[in-house]
Amino acid sequence: MSIRLEHVDYIYEDNSNQKNYALKDVNLEINPGEFIGIAGHTGSGKSTLIQHFNGLMQPTNGNVYFDGKNIYENDFDLRGLRGKVGICFQYPEHQLFEVTILDDVCFGPMNFGKTREEAEIIAKKALLDVGMSEEMLQKSPFELSGGQKRRVAIAGILAMEPEYFILDEPTAGLDPVGRGQILNLLKRLHETKKMTIIFVSHSMEDVASYVQRMIVMNHGEVLFDGDKREVFSHQKELEEVGLSVPFYRYLAEDLNQRGFTVSKDILTMEEAKEAILKVLRKKR
Amino acid sequence: MSILQVKNLVHKYITVGDSEEDKQEVTAIDDIDISVEKGEFIAILGKNGSGKSSLAKHINGLLMPTEGAVYVKGMDTRDKRNLLNIRQNAGIVFQNPDNQIVGTIVEEDVAFGPENMGMPVEDIWDRVTSALEGVGMTAYKEASPNHLSGGQKQRIAIAGIMAMEPECIILDEPTAMLDPKGRRHVLSLVKALNREKKITMLMVTHHMEEVLLADRIIVMDHGRIAMDGTPKEVFSKVDEMKQLGLEVPYAAELAWQLRQEGVPLSETITTREELVEELCQFV
């Protein structure tokens, strides 16, 4: 059980017929139950990469396997794959279109052959999962705030009951409350439904707080892929490709330089707080 | 004289549902007063729907007051004859770089503003040249904007405004769609234009770390001004900010958490350097 990319290249030609690699020799395996963050500068291949996970884009070279089966073999059920691997693109609320919130979320499951009654049951469950109350369901999605619209759009994908849920910058443009709601929703889906979550983010702090594994893309290649703590130990290389390490790791470095000895591996607020309190308690 | 004055500003709009009875009046801005001095760098914070963007759009007359008034250099935005002049003096940069580029070549795009002002051609090119230089994009003057990164596009959008030699730039979440590098470039440009050219900046943002660049922060909530002060004044009120659904910079948050545990840190900590400095005094 996994999504596996083997030697994947994605090559496109620009105006001058020059070959450009959007992806170059990418080898990855996404296993069920993982919580993964993908980082990289604009144009590093993040969005191209995630569209290979459910066959929306086809590699120029190399292969993509789902549960061991090549997804570009003739008899492979690509449509079924797209039900199992759900992708939520940037600003998904721009794709809301139905008259009511409930109708909008029913669209996916009905498209996959469910009856209206079945779809409604699934849609209501998905909307409750993202924190929308029963009385909202008959409202127009266009009356909602930015954060609420985003959650309805996410419910639209959850209603397909995917095994793998992939999101491209799901918190972009949201205020802190909206951002926390989305990230905690992902955490809950991962913990309670054992859903595999992969999200693209520009916030190293968010990645550090939520994921286990981190993939860093640079010029279409996988620069780092591993445990987040290991990846964030490559501070210099990350800065060289336009990224950074979390605020708390920089803080730990500064503290150590000044003789306030804490672990250099600190990534989150909680870890920083614990480490600092431990030092201060010893002193007293 | 203040460069911007917002007096008793109220903005209401009506949403219409399926039927006529479904009409609802929404108050986006609810009686606010602000005055901005030339050269200030103001950050506007507030959760989604707090009225930040509505306020920004009033400043160059994209939205009109329902009640009250907005003056730019003394010019009333309600008077149509002032609008062209106001928009030359107060330009807006929006969130999405792809929605605000009109030219097929970078220098044409930047020339759009001064061209519309009816300037002589030679003057237009002078302005385009210096605007592109100002944002560090001279090397791209003949490039097609759609080959640029998000951060580069935002710098072009800022150059387009700079070419009109405005006194004030309003930025509505200018970095929301950018990666960390693009964000750093845009922010350092905004800061430099403020410090060196004394251009008044009003920046709407959700990023608390960006806010530290500003001299003054206005926090909006439900169409009203909830707080107005220096970053230190605003971020020392961590509880209040949390109640408004907002965050404070990482260093201020961590200092607050440590204070809850009894560590005697000052409430004015907003940066990493300040936090490190105080913590090191304990060892």
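Tutor: Let us begin with burial, for which a cut-off is needed: a residue counts as buried when its relative accessible area is under 20%, and as exposed when that area is over 50%. Please keep in mind throughout that this is a predicted model.

Student: How many of the residues of H10(B) are buried, then?

Tutor: Nine of the eleven residues of H10(B) fall under that cut-off, so the helix is largely enclosed by the rest of the structure. The buried residues are B:Ala251, B:Ala252, B:Glu253, B:Leu254, B:Ala255, B:Trp256, B:Gln257, B:Leu258 and B:Arg259.

Student: Which helices do the buried residues of H10(B) pack against?

Tutor: They pack against elements of both chains: in chain A these are helix H10 (247-257) and helix H11 (269-283), and in chain B they are helix H8 (231-235), helix H9 (238-243) and H11. After H10(B) comes B:Gly262, with a positive phi near 95 degrees.

Student: At what angle do H10(A) and H10(B) pack?

Tutor: The general idea is that angles of 65 to 115 degrees count as roughly perpendicular. Here the axes of H10(A) and H10(B) are 11 Å apart and the angle is about 70 degrees, which means that H10(A) is roughly perpendicular to H10(B). A:Phe247, A:Tyr248 and A:Leu251 of H10(A) make this contact with B:Tyr250, B:Ala251 and B:Leu254 of H10(B).

Student: How do the axes of H10(A) and H11(B) cross?

Tutor: Those two axes come within 10 Å and cross at roughly 40 degrees, and H10(A) is therefore oblique to H11(B). The crossing in which H10(A) passes H11(B) is right-handed. On the H10(A) side the residues are A:Phe247, A:Tyr250, A:Leu251, A:Asp254 and A:Leu255, and they meet B:Arg272, B:Leu275, B:Val276, B:Leu279 and B:Cys280 in H11(B).

Student: Where is B:Thr270 placed, and is B:Thr270 buried or exposed?

Tutor: B:Thr270 belongs to the loop between helix H10 (250-260) and helix H11 (272-280) of chain B, and because its relative accessible area is 4%, B:Thr270 is buried. Its side chain makes a polar contact of 3.0 Å with the side chain of B:Lys232. Leaving aside residues up to four places away in sequence, B:Thr270 touches B:Leu212, B:Pro231, B:Lys232, B:Phe235, B:Pro249, B:Ala251 and B:Ala252.

Student: What should I make of the cysteines, and how many disulfides are there over all chains?

Tutor: A disulfide is a covalent bond between the sulfur atoms of two cysteines. To count as one here, the pair of sulfur atoms must lie within 2.5 Å, and by this rule the count over all chains is zero. For A:Cys106, which is in no disulfide, the nearest cysteine sulfur is that of A:Cys88, 18 Å away. A:Cys106 is buried at 0% relative accessibility, and B:Cys168 is buried at 1%.

Student: Finally, what is the phi of A:Glu161, and what is that of A:Lys194?

Tutor: The background is that most residues other than glycine have a negative phi. A:Glu161 has a positive phi, near 50 degrees, and A:Lys194, which is not a glycine, has a positive phi of about 55 degrees. A:Glu161 lies in the loop between helix H5 (146-158) and strand S7 (164-168) of chain A and is partly exposed, at 44% relative accessible area. A:Lys194 is in the loop between helix H6 (176-192) and strand S8 (196-200) of chain A, and with a relative accessible area of 61% it is exposed.

Technical notes
Residues are numbered from 1 along each chain as its sequence is written. Chains are lettered from A and ligands numbered from 1 in the order in which they are written. This is a predicted model: local features need pLDDT of at least 70, side-chain atom pairs count only at pLDDT 80 or more; totals for chains, interfaces and linings use all residues. Side-chain values use heavy atoms; hydrogens and water are left out. Helices (H or I, at least four residues) and strands (E, at least two) are DSSP runs, numbered from the N terminus. Buried means under 20% relative accessible area, exposed over 50%, partly exposed in between (1.4 Å probe, protein chains only). A polar contact is a pair of N or O atoms within 3.5 Å; within protein, one must be able to donate a hydrogen and the other to accept it, and residues adjacent in sequence count only if both atoms are side-chain atoms. Contact means heavy atoms within 4.5 Å. Axes are lines fitted to C-alpha atoms, for helices over the stretch in contact, and angles run from 0 to 180 degrees between N-to-C directions. Angles under 35 degrees count as roughly parallel, over 145 as roughly antiparallel, 65 to 115 as roughly perpendicular and the rest as oblique. A crossing is left-handed if the near helix is turned anticlockwise from the far one by less than a right angle, and right-handed if clockwise.
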